[in-house]
Amino acid sequence: MLDSLTFLFEKIFLLTNFNVFNLISTDGEKCPNHCDGSSFKRGDLLEVPRTLFIHFGIYLGDNKVAHLMPDIMPVLTTDKCQIQKVVTNKRLLLGVLSKIASIRVDTVEDFAYGSKVIVNQMDIISKKQPFPNEDVALRAEKLVGATPYSLLWNNCEHFVTYCRYGTPVSYQTDKRN
């Protein structure tokens, strides 16, 4: 029963957010506000607002972000050039449907997908003390690679909260349940 509800919820989310990962923002800018990474510190928890949800990542320095992204491509090929390309809506959709994802490292601009990137202030609401920023970044780097995906149980927010606090939590999905 729970699997069926999870499956249904994931499909509804996808249908309502089919254009969630646009490469150009509504005002036409490629990557407004801080996309060069100059204002971020290694280990910062970053967020990118989307239609219904927020996408999260960990800043690694040198304009790089580690984030959990549903993607079917790693199952279809071992060609790293094909896999590393920006994830398209089709790849994202097939990744969610097949519950396949990877924790990948992308540029801040690719992570942003045309949206504003900000440093998340989750430390205020978290009941746990955050690890030092360097430890957060090292945890994220160690997890890079394939991982199962679930909108409710293993999404990008679970990844960053595990890296930052040691416990995977998604405040977004907890609010919606």
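Author: We can go through a pocket and then a pair of helices. This is a predicted model, where local features need pLDDT of at least 70, side-chain atom pairs count only at pLDDT 80 or more, and totals for chains, interfaces and linings use all residues. Residues are numbered from 1 along each chain as its sequence is written, and side-chain values use heavy atoms, with hydrogens and water left out.

Reader: ok, what volume does the largest pocket have?

Author: About 250 Å³. A pocket here is an open set of points on a 1 Å grid over the protein atoms alone, where a 1.4 Å probe fits, with protein on both sides within 12 Å along at least five of seven lines.

Reader: which residues line the largest pocket?

Author: Among them are Pro74, Thr78, Lys80, Ser102, Arg104 and Val144. Helix 3 (80-84), strand 4 (100-107) and strand 6 (145-148) each give two or more residues to the lining. Strand 4 gives the most, with four residues.

Reader: switching topic. at what angle do helix 6 and helix 7 cross?

Author: The axes of helix 6 (residues 133-142) and helix 7 (residues 156-165) cross at roughly 135° and come within 8 Å.

Reader: left-handed or right-handed crossing?

Author: The crossing of helix 6 and helix 7 is right-handed.

Reader: and which residues meet there?

Author: Asn133, Val136, Arg139 and Ala140 in helix 6 meet Phe159, Tyr162, Cys163 and Arg164 in helix 7, where contact means heavy atoms within 4.5 Å.

Note on methods: On a 1 Å grid over the protein atoms alone, a cavity is a set of points where a 1.4 Å probe fits but cannot get out, and a pocket is an open set with protein on both sides within 12 Å along at least five of seven lines; lining residues have an atom within 4 Å of a point. Grid points are joined across faces, edges and corners, and a volume is the space filled by probe spheres set on the points. Axes are lines fitted to C-alpha atoms, for helices over the stretch in contact, and angles run from 0 to 180 degrees between N-to-C directions. A crossing is left-handed if the near helix is turned anticlockwise from the far one by less than a right angle, and right-handed if clockwise.
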